[in-house]
Amino acid sequence: FRGVVLYGEKARSILAKKLSKYKSSIDIMAVFYQTYRPVNFSGVIGQDPIVTTLKQAVHHGRLGHAYLFTGSRGVGKTTLARILAKAVNCEKLDNGDPCGKCEMCLSIAQGNFLDSIEIDAASHTGVDNIRELIERVQFQPSRGKKKVFIIDEVHMLSKAAFNALLKTLEEPPAHALFILATTDIEKLPETIISRTQRFDFKKITDQYLLESLNQIVKKEKLTLPEGALEIIVENSQGGLRDAQSQLSLISMLDKTAQLEDVHALLGTTAESNVVELLNYISAGDSNNLPDFFRKLTELNFDSSAF
């Protein structure tokens, strides 16, 4: 699967056993982070101050011309950018929330709305890419009220590309809305930051993550070992997308699976192993370390995560 890393023979055997029941990869499983991606402001979790501010701005027609979303991966930056693109073009707003049913909302959701342009700066770093985008800014929206430009991982742009973008951010057309997203705010020039409204996304709390995962488990009618969700929450480090991806992976486990199977698939180790190592360190006991790490290696642990 895309984005899945398996650790060791045990993890591969678990996956092979599960896949043997299916005739094609299409039947295997849903990718939860795509299936359960929020479609309106009300569905976004863990970013209440930002959601409220943007929703009110849409409701009262007080939108800025450029927004900067910064924060770690998987916390909702791109999701909220797409929702904002819907909201500013929605024909039947509900107190600032996009209806999700009108022609504009459906078109944006299907990815064929010409007035919502999304580019990944990681693969479009050059000045020519930005110049092409700037040329499109000058044209009026073809269908919607606003022409929205979402630039993901904007910190990856070259210096020349930033300079080209700066002029447009200083004097944008009234019909244009820019949404810049980045996981590394330190690499953005101050000149760019100063011409946007900045929103700092925080990591999702363990409580929100656990509640969200529990909802998916109930809807998908999954049977998981007790404590599996807590392992995911700890391993995702505040990223909802990572948590949902890991849940997609362990959802393939049989009903008889144990926590050690969860650890094998995710490359994590039990808390008891961490405590055991700390006890050896605090006691100055180095004699048991070779056997300890030999045991972890047999459990297919991810050394960097450990």
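A residue is called buried when its relative accessible area is under 20%, exposed when that value is over 50%, and partly exposed in between. By this scale phenylalanine 293, with a relative accessible area of 33%, is partly exposed. The structure is a predicted model, and the values given here should be read with that in mind.

**Aromatic pairs**

The model holds 7 aromatic pairs. One of them joins phenylalanine 69 to phenylalanine 199 in an edge-to-face arrangement, with 6.1 Å from centre to centre and 70° between the planes. Because phenylalanine 69 belongs to strand 1 (residues 66-70) and phenylalanine 199 to strand 5 (residues 197-200), this pair ties together parts that are 130 residues apart in sequence. Both phenylalanine 69 and phenylalanine 199 are buried. In the pair of phenylalanine 292 and phenylalanine 293, the ring centres are 5.1 Å apart and the planes stand at 80°, so this pair is edge-to-face as well.

| Cysteine 90 | Cysteine 99 | 3.5 Å |

**Nonpolar cores**

The largest nonpolar core has 26 residues, of which Ile130, Ile151, Leu157, Phe178 and Leu188 touch the most other members. At least two residues of this core are supplied by each of strand 1, strand 2 (116-120), helix 6 (127-137), strand 3 (147-152), helix 7 (159-170), strand 4 (176-182) and helix 8 (190-193). Helix 7 gives the largest share, 6 residues. The surroundings of phenylalanine 178 can be listed in detail: leaving out residues up to four places away in sequence, phenylalanine 178 touches His65, Ala66, Tyr67, Leu133, Val137, Phe149, Leu165, Thr168 and Leu169. Another core, of 24 residues, lies apart from the largest one, and its members include Phe41, Leu80, Ile150 and Ile179.

Threonine 78 is found in helix 4 (residues 77-89) and, at 17% relative accessibility, counts as buried. When neighbours within four places in sequence are set aside, threonine 78 is in contact with Glu118 and Asp152.

Helix 12 (residues 259-266) is mostly covered, with 6 of its 8 residues buried. The buried residues of helix 12 are Asp261, Val262, His263, Ala264, Leu265 and Leu266. Just after helix 12 comes glycine 267, which takes a positive phi of about 75°.

How values were computed: Residues are numbered from 1 along each chain as its sequence is written. This is a predicted model: local features need pLDDT of at least 70, side-chain atom pairs count only at pLDDT 80 or more; totals for chains, interfaces and linings use all residues. Side-chain values use heavy atoms; hydrogens and water are left out. Rings of Phe, Tyr and Trp (its six-membered ring) pair if their centres lie within 6.5 Å; planes under 30 degrees apart count as stacked, over 60 as edge-to-face and the rest as tilted. Helices (H or I, at least four residues) and strands (E, at least two) are DSSP runs, numbered from the N terminus. Buried means under 20% relative accessible area, exposed over 50%, partly exposed in between (1.4 Å probe, protein chains only). Contact means heavy atoms within 4.5 Å. A disulfide is a pair of cysteine sulfur atoms within 2.5 Å. A nonpolar core is a set of buried Ala, Val, Leu, Ile, Met, Phe, Trp, Tyr and Cys residues joined through side-chain atoms within 4.5 Å.
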